[in-house]
Amino acid sequence: MSPSVDPEDPEGAIAEAAAACSNWGRWGADDVLGTLNFLDAAKRCEGAALVKRGASFSLSQRFDMNGPQRGWRRRTNPVHTMLDTGTDAALGSQGFPHGLGGADDMITMPLQCSTQWDGLGHIFDHGRAWNGRAAEKTVTSEGDLVTGIEHMAPYVAGRGVLLDVGRVLGGERGELPDGFAVTEHQLVRTAREHGVRVGRGDLVVVRTGQLARARREGWGEYAGGPAPGLSFTTAGWLHRSEIAAIATDTWGFEVRPNEFDGAFQPLHQVAIPHIGLLIGEMWDPEALAADCADDGVYEFWLTAAPLPVTGAVGSPVNPIAVK
């Protein structure tokens, strides 16, 4: 059963979905991986066997000052600073012997300002983190003390599947309009039209086309504004399908405005702390989607390891799809 949407009762819908979709205790009281437990060695071998042509695609936006962030919740675009330059080398100010020179640089940014994963410590439900832990004992000013994203770093590689819902349902341009709530039926239909199955241990990438529109028309309210995305009613499918992770080309993964009055990201509130689902946002599947449409193959090897930042609740990522 998929949870229902009564626009006036987000609390009730969230509670119902949380109870129906909970994975608490499924992998033991000490689990720190959530649905990544579905991505086992056999699944990685299955994904690696999909490499036929050696064609590779980055699914990451660029990390620079031209990104979509507008400062909400202190999220800014990356600031890139040079520490040493060719000018320093040419002037001989670096102090190296025998003509050696070099360049060095640094970057300052929120970990979730561009293409990224939401870790298990990112969202709570009524003070509870993944697996029922107390939020205040899990994530403190020192970081995520239990489910820091560093634990996931070795595991996010396996069979990737693209569900190009924009191409299937988005008309001539292949772009869903803002506010379009993608349902379970539409996800299943898209997989069927692509001739691909989705199931246990898969890494799913959903293309809505919003990123393509933002690139053409300007960022506008891409970061936090109206967007196509998954309907709250897909919580049941996310749980039953036993996928390892899912990512979209939008800022917030789920449809915006949300489907309830006065709600904020209710699907996150079920998917992360209760299902234990790894969620990716602001991915760029455009080049991959064009290739999939051309050759009709919507499955591939996907590697998308988070940076092992100790105690982080999210991480930048450069996902690589190989066909």
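User: Is Trp 27 buried, partly exposed or exposed?
Analyst: In this predicted model, Trp 27 has 25% relative accessibility and therefore counts as partly exposed, since the buried class stops under 20% and the exposed class begins over 50%.

User: And what about Phe 38, buried or exposed?
Analyst: Phe 38 counts as buried, because its relative accessibility is 3%.

User: How many aromatic pairs are there?
Analyst: The count comes to seven aromatic pairs. In one of them, the ring centres of Trp 27 and Phe 38 are 5.1 Å apart and the ring planes stand at 80 degrees, so this pair is edge-to-face. Both residues lie in the loop between helix H1 (10-21) and helix H2 (41-48), so the pair ties together parts that are eleven residues apart in sequence. Ring pairs also link Trp 27, Phe 38 and Trp 130 into a cluster.

User: How are the rings of Trp 117 and Trp 283 arranged?
Analyst: Their centres are 4.9 Å apart with the planes at 70 degrees, so that pair is edge-to-face. It links distant parts of the chain, with Trp 117 in strand S4 and Trp 283 in the loop between strand S12 (278-281) and helix H10 (286-295), 166 residues apart.

User: Switching to pockets, what volume does the largest pocket have?
Analyst: The largest pocket has a volume of about 400 Å³, and its lining is made of 16 residues, with Arg 73, Arg 75, Gln 112, His 122 and Val 313 nearest the centre.

User: What does the charged end of Arg 73 sit over?
Analyst: The charged end of Arg 73 sits over the ring of Trp 72, 5.7 Å from the ring's centre.

Note on methods. Residues numbered from 1 in each chain as written. Predicted model: local features only at pLDDT ≥ 70, side-chain atom pairs only at ≥ 80, totals over all residues. Heavy atoms only, no water. 1 Å grid on protein atoms, 1.4 Å probe; cavity = no way out; pocket = protein on both sides within 12 Å on 5 of 7 lines; lining within 4 Å. Points joined across faces, edges and corners; volume = space filled by probe spheres on them. Phe/Tyr/Trp six-rings, centres within 6.5 Å; stacked < 30°, edge-to-face > 60°. Helix = DSSP H or I, 4+ residues; strand = E, 2+ residues; numbered from the N terminus. Buried < 20%, exposed > 50% of the residue type's maximum accessible area, 1.4 Å probe, protein only. Lys NZ or Arg CZ within 6 Å of the ring centre and 35° of its normal.
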